[in-house]
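Here is my note on this model, point by point. Please keep the structure open while you read.

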Amino acid sequence: MTQADAARWAPDDRFIAAVRARFPVEPEMDRVLTAKLRDRASGAHRPVGLDELVDSTRTLIEREIGPDFQISRARWLGGGASKLQMAFDLHWRGLECGEPRVTPMVVRMQPAASIVETSRRREFEMLQAMRGVVPVPECYWIDELGEIMPHPAIIYALAQGVAKPRARPSVQVTGIGTNFGPELRPVLAQQFVEHLARVHTAPAATLAGLTAFEPAAVGSNAGIVRQVMWWRRVWEEDRPEAMPLVELAAQWLVANAPVLDHASAVHGDFRAGNFLFDEDSRQITAWLDWELAVIGDRHQDLSWLSGHHFGHFAEDGRTFLACGLLPRDELFERYEKASGLTVDPARLKYFRVYNDFASCVHMLATACRVAMHGKSHQDVLVAWLASIGHVISGALRDTLEEVL
Amino acid sequence: MVPDLELQLAAATKALREVVAPAIDPANAVALEQLHLAMATVDFVRTRLPLRRRRVVRELENAQALATQVAAAGGRALAALAEEAQALLDSGADGAAMDALRLGILDAAEQAVAADPGNKDLSRAVLDVARQQTDLARAWFAPMGFEVDPAGRPTLEHLLER
């Protein structure tokens, strides 16, 4: 093991100071990533049991609303690759102390280590900001630093619906390649595009209220350079082995960072698998997983959702459907009409490199690192997903060949 | 030697499928998902174990090509690593030694790229060898099911035999 590998295994102050100095990121992300490194050195992972999580949830809620409530039907929730989720029923009187009621809730807690290390504060703030913009679960409480819960966590209402049709079970994990089928597809596609447009055109006043996010200035490329530094830092912190292609991509992304033309809320993982819908009404009921949200360039989402690994071919075997919903060109055309914003092919290509670069970091660095340290509740899923990083690195290589 | 590794893994998968899976509460979606992934992982490893040595050799050959091209593009420190790789390949060294050298080459190549941004020859070298390495890795992990067009990809047998 080299000195650098040993430092990644058990990061010391010197290693941590070096990555912080070399890769400047947003203050909240600096806090989160630094905490990750310090926790990695702190020793073995201890699985969190359902009873322990119920107890700490009870303590957190009591701190917020007092003792007049009960928790029942606590159970683990499947789905997703990064966070630990527990569903439960809350018997209470609501925040306004009204009539007794039962509200289905979710605790969303990060494990000791996660495939993407993110901020619960940012996720909580973005979910609150998106209320009234698109369907999102109502957020109630947060334990930002894991002072009461075993790890940082948020509690929000359990959204009703399914992520994929019950009659068409996906053969892959975490929503990849979801096939909605030809009847449901156009109904969901329409809402998908409208919701994306609404997220990207959220009022400036809404974005200004996001205190855990650094603003992104129109006319500057500082925001996207900061995002590149974020994932380049994570690569440095987590990678089990070097990969010159990733360094090459980071250099190109910094050298070619476009100036921002419109500051948008960017979901960061806007795709099939991250929304729920009601199978009877065929309405999207909730957008989930806002942990990678940033204030930035809409093309990040547009490029992401049209990625090859999230789509599939239509029944004709020839038409590729982005997110299993629409052909790319049609999706972008509808988006332009719905949002009043343009879709710039050059920026799409830039963010194709950016998204593949970041995904390589998630899969080939962090996912492997998480499994190596045995620090998540689903290492087998994380290790399985890591292999998609090679498909993505192949795409990254091919795109870099076009632009270099 | 009996029982061989393949037989032991096959027995483990059978136990998980026939005994453990039916004993899990069908409402426990997380446990069921992880059990199925665990079985699929063991099955995957069974198919790959016999090919492991050939993969290690091919990966070192790819790394050696990278070291040679990066050295020619200005990262001169990698010339010695390329020679070291050739010596290991010629001697039929054990897999751990080959893999350790491969990691060293990747580290040195990444540092060479970081130290010389904008060097077109270096970029070309990285892209050339990355194609070989990503093709190999994608073929190795093809059974995971993440390829949109698996039939259009080079096969593992072809990549290991070339």
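1. Start at the end of one helix. Helix 11 of chain A is followed by A:Gly340, which has a positive phi, near 75 degrees. This is a predicted model, and every remark below should be read that way.

2. Now the helix itself. Helix 11 of chain A covers residues 328-339. Its 12 residues should span 16 Å at 1.5 Å a residue, and the end C-alpha atoms are 16 Å apart, which agrees.

3. Which residues of helix 11 of chain A are buried? They are A:Leu331, A:Tyr335 and A:Ser339. Seen down the axis of helix 11 of chain A, the buried residues fall within an arc of 45 degrees, so they line one face of the helix. The general rule is that an α-helix has 3.6 residues a turn, so residues three or four places apart point the same way. On the other side of helix 11 of chain A, A:Asp329 and A:Lys337 are exposed.

4. What do the buried residues of helix 11 of chain A pack against? Their partners in chain A are helix 6 (185-200), helix 10 (299-305), strand 11 (320-322) and strand 12 (326-327).

5. Two cysteines deserve a check of the backbone. Most residues other than glycine have a negative phi. A:Cys323 is not a glycine, yet its phi is positive, about 55 degrees. A:Cys323 sits in the loop between strand 11 and strand 12 of chain A. It has 28 C-beta neighbours inside 10 Å and therefore counts as buried, the cut-off being 20 or more.

6. A:Cys97 also has a positive phi, of about 60 degrees, although it is not a glycine. Its place is the loop between strand 2 (84-92) and strand 3 (101-109) of chain A. Is A:Cys97 buried or exposed? A:Cys97 is exposed, because 10 other C-beta atoms lie within 10 Å and the cut-off is 12 or fewer.

7. One peptide bond in chain B also needs a look. Most peptide bonds are trans. The bond that joins B:Val2 and B:Pro3 is cis, with omega about -5 degrees. B:Pro3 is in the segment before helix 1 (5-23) of chain B.

8. On the overall form of chain A: the chain has 14 helices and 12 strands. A compact globule of 404 residues would have a radius of gyration near 22 Å; chain A has 21 Å, which agrees. Its C-alpha atoms fill a box of roughly 60 × 55 × 40 Å along the principal axes. Buried residues make up 50% of the 404 residues in chain A. Of the contacts in chain A between residues at least 6 apart in sequence, 73% join residues at least 24 apart.

9. Next, the domains of chain A. The assignment gives domain 1 (3-43 + 222-257 + 343-403) and domain 2 (44-158). Their C-alpha centres lie 28 Å apart. Domain 1 of chain A gives 20 residues to the contact and domain 2 of chain A gives 16 residues. On the domain 1 side, the largest share, 7 residues, comes from helix 3 of chain A. By class, that side has 8 nonpolar, 7 polar and 5 charged residues.

10. Last, the contact between the chains. It takes 29 residues from chain A and 29 residues from chain B. On the side of chain A that touches chain B, helix 9 (244-255), helix 13 (379-386) and helix 14 (388-403) of chain A each supply at least two residues. Helix 14 of chain A gives the largest share, 8 residues. This side of chain A divides into 14 nonpolar, 11 polar and 4 charged residues.

Key:
Residues numbered from 1 in each chain as written. Chains lettered and ligands numbered in written order. Predicted model: local features only at pLDDT ≥ 70, side-chain atom pairs only at ≥ 80, totals over all residues. Helix = DSSP H or I, 4+ residues; strand = E, 2+ residues; numbered from the N terminus. Expected span 1.5 Å × (residues − 1). Arc of directions from axis to C-beta. Contact = placed C-beta atoms within 7 Å. Nonpolar A, V, L, I, M, F, W, Y, C, P; charged D, E, K, R; others polar. Rg over C-alpha atoms; globule rule 2.2 N^0.38 Å. Domains from an automatic or database assignment.
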